[in-house]
Amino acid sequence: MHARLISVMADSPNAQQKDNLCGPYWAARVLNDSGFKTWDGEPIDQDLAALRAGTVLPDQSSNPEVPPGALSKADYRYKLPVAPLPESGTSARGLAVVIEAASEGELRCIPLRGVWNVDRVERLVEEGHEVGARLIANVRTGHLWGARAPAEILVAELDGRPVQDPAADWDVGHFVELVMLVRGPVRSLVVIHDSYPSLGREGFHAQPPRSISAALLRGDGREGGVLAVVPRARFDAAEALFVELGLEIAYWNNGTGV
């Protein structure tokens, strides 16, 4: 098994995200994994990341949207601003500001948007990790396979045989990490790490690249994208790769502004 995947599975300081803090969860997770534990004397966690990223919570008229098997968690450490559901969320730019500032520039963020397809997703995951990138994807979950797809479907997908796509578990805008690419005889699967351990196995599940590309394109009037987080020394190599892949280095509008 991939060494970083083993490490992530063994170390889960924030076992589940708090309601509506998926983006801040990943900002804090990447910072913690890179050795950054405090910022201005405060512990770096999803609450601090949400406060500094400008996260806006949905008002109380909106029921918490959590996937099957997850419990609502709203024990926030700070009072965060509130707005109607369509105006709530966290921008990718806000997350980038947090990651770069909390790491004092040791981590750099490269926002990626574009016309997503299978080849771009495969190469981004496979080659992105070769240049040291952590890939935080902003997706619409309704385009993903259900997180507990049977093994026989996963094997059939890798083998290039026709499959019935497992129904999605839920349908929301969400941040997840793209962990690794697994190649089969004909097709591939991308291992996703989710901020909800109830999905897949402790939050890990496999998705075909075509589902991820659809989830990045969203199709709901909002945009998706990937925030690539790289060590400062690898920034130039990572940026060159993403340009070569035909991706645009720019922030996307997921409904919270660019």
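Modeller: Gladly! Let's start with Glu-104, which sits in the loop between α4 (92–102) and β5 (107–113). Helices (H or I, at least four residues) and strands (E, at least two) are DSSP runs numbered from the N terminus. Please keep in mind that this is a predicted model: local features need pLDDT of at least 70, side-chain atom pairs count only at pLDDT 80 or more, and totals for chains, interfaces and linings use all residues. Residues are numbered from 1 along each chain as its sequence is written, and side-chain values use heavy atoms, with hydrogens and water left out.

Colleague: Why does Glu-104 count as exposed?

Modeller: Exposed means over 50% relative accessible area, buried means under 20%, and partly exposed lies in between (1.4 Å probe, protein chains only). Glu-104 has 72%, so it counts as exposed. Its phi is near 55°, a positive value in a residue other than glycine.

Colleague: And what makes Asn-20 partly exposed?

Modeller: Its relative accessibility is 30%, so partly exposed is the label for Asn-20. This residue lies in the loop between α1 and α2, and its phi is positive too, near 70°.

Colleague: Now the overall shape. What makes the radius of gyration of the protein agree with a compact globule?

Modeller: The radius is taken over C-alpha atoms, and the globule rule is 2.2 Å times the number of residues to the power 0.38. For 258 residues that rule gives a value near 18 Å, and the protein has 17 Å, so the two agree. The C-alpha trace spans about 50 × 45 × 35 Å along its principal axes. Eight helices and 11 strands make up the list of elements, and 50% of the residues are buried.

Colleague: How many of the contacts with a separation of 6 or more join residues 24 or more positions apart?

Modeller: Such pairs account for 75% of them, where contact means heavy atoms within 4.5 Å. Trp-39 and Ser-103 are 64 residues apart in sequence, yet their C-alpha atoms are 8.4 Å apart in space.

Colleague: Why is Trp-39 called buried?

Modeller: Its relative accessible area is 13%, so Trp-39 falls in the buried class. Leaving aside neighbours within four places in sequence, Trp-39 is in contact with Ile-44, Leu-48, Arg-52, Val-98, Ala-101 and Ala-102.

Colleague: Let's turn to charges. What makes Lys-18 and Asp-47 a salt bridge?

Modeller: A salt bridge is a side-chain nitrogen of Lys or Arg within 4 Å of a carboxyl oxygen of Asp or Glu. For Lys-18 and Asp-47 the N to O distance is 2.8 Å, and the pair qualifies. The two come from distant parts of the chain: Lys-18 is in the loop between α1 (3–10) and α2 (22–33), while Asp-47 is 29 residues away in helix α3 (residues 46–53). Side chains of opposite charge can pair when their charged atoms come close.

Colleague: Are these two, Lys-18 and Asp-47, buried or exposed?

Modeller: Lys-18 has 9% relative accessibility and therefore counts as buried. Asp-47 has 4%, so buried applies here too.

Colleague: How do you know that Arg-29 forms a salt bridge with Asp-33?

Modeller: Their closest N and O atoms are 3.6 Å apart, and that passes the cut-off. Both lie in helix α2, four residues apart, about one turn of the helix. Arg-29 is buried at 1% relative accessibility, whereas Asp-33 is partly exposed at 33%. They also belong to a network of salt bridges that links Arg-29, Asp-33, Arg-134 and Glu-177. The whole structure has 22 salt bridges.

Colleague: One more residue: why does Arg-218 count as buried?

Modeller: Its relative accessibility is 4%, so Arg-218 is buried, although it lies in the loop between α7 (209–217) and β10 (225–231). Not counting residues up to four places away in sequence, Arg-218 touches Asn-138, Val-139, Arg-140, His-143, Gly-173, Glu-223, Gly-224 and Asn-254.
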